[in-house]
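Dear colleague,

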Amino acid sequence: IFQTQMATHKALSLTIVIPCYMPNEEEILPEVLTFYEEQLKHYPGESKVLIVWNSPKNHPEFENLMAERASSSTWKGRLVVRRCMYSTSKCDNLNMACDFIDTEVACLNDADTMLDWTCIVRGSEHIRNGYDLAQAMNSHCLYDRNGTPGDENERQCHPYGILITIGDATKPQNMSTQTPFKHAPFNGRGGFWRTASLKKVGFDHRTVGEDHDAGYRGFAYFGFKGLLDMNMLCQEQQPPDCKALTSQRIRWEIGRAHV
């Protein structure tokens, strides 16, 4: 029934925005594009992917590969890749991305966070129904659950992967209590924004928690409406070792404290 409905349904135009720091994401981006190429085949509306990246070095091989992809029949006019020369953070990349988004909906995501096409359709529909922000629930991959995070070349084994997976699975249930007040936070990935609202609020480089800050400024200053949809799932990966995991979580908690 759902497939039949999607065949005749017209979704809002959408851009998936992926801010990247090179060379960290350089290796996985071709696979990410291949994944979204398959997912967006099912999206019943105009769809694009916007990659905004920064790096202290040049990456000619990556730029050539992205130019080749962008000119292919599959991605022609639907893949935009821009380098933010002045960027010192993900925040700068996102602010630059706002200048290039020309669709009704913007999905802000990380390169290592995967969104199924059904989640993309559902997020678009929340925006159609009057929300400014619709946040998906973050889930972890099989290797994180098993306590062996990381890719094949860097996979390690430690107990914190299991504990983080459990903690992240229960945290959104607490956050969802804000949904009745239409003040669900933006987690930095798996978040669907009304483009006009996103451009109005922007991102503040003075905090390391620019994602939460943007969401709450929208609620407080502009009266935005947001929700956390427990039926929208996006899958992410933990950092491959305890040191990187600790650094990530400290940064996240400091960001939340600032908000």
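A residue is called buried under 20% relative accessible area, exposed over 50% and partly exposed in between, using a 1.4 Å probe and protein chains only. Helices (H or I, at least four residues) and strands (E, at least two) are DSSP runs, numbered from the N terminus. By the burial criterion, 7 of the 8 residues of strand β6 (residues 133–140) are buried, and the strand is mostly covered.

The model is predicted: local features need pLDDT of at least 70 and side-chain atom pairs count only at pLDDT 80 or more, whereas totals for chains, interfaces and linings use all residues. Residues are numbered from 1 along each chain as its sequence is written, and side-chain values use heavy atoms, without hydrogens and water.

Two strands pair if DSSP finds at least two bridges between them. β6 is joined by 8 bridges to strand β8 (residues 226–236), the two running parallel; A134 has L227 in β8 as its bridge partner. With strand β7 (residues 191–194), β6 pairs in the antiparallel sense over 3 bridges, and there Q135 stands opposite G191.

These strands belong to an open sheet of 8 strands with mixed pairing, in the order β3-β2-β1-β4-β7-β6-β8-β5. Its edge strands, β3 (79–83) and β5 (114–115), each pair on one side only. Helix α4 (residues 90–98) packs on the sheet and touches β1, β2 (47–54), β3 and β4, contact meaning heavy atoms within 4.5 Å.

Strands β1 (residues 14–21) and β4 (residues 105–108) pair in the parallel sense over 4 bridges. The bridge partner of I16 in β4 is C107.

Kind regards

How values were computed:
Axes are lines fitted to C-alpha atoms, for helices over the stretch in contact, and angles run from 0 to 180 degrees between N-to-C directions.
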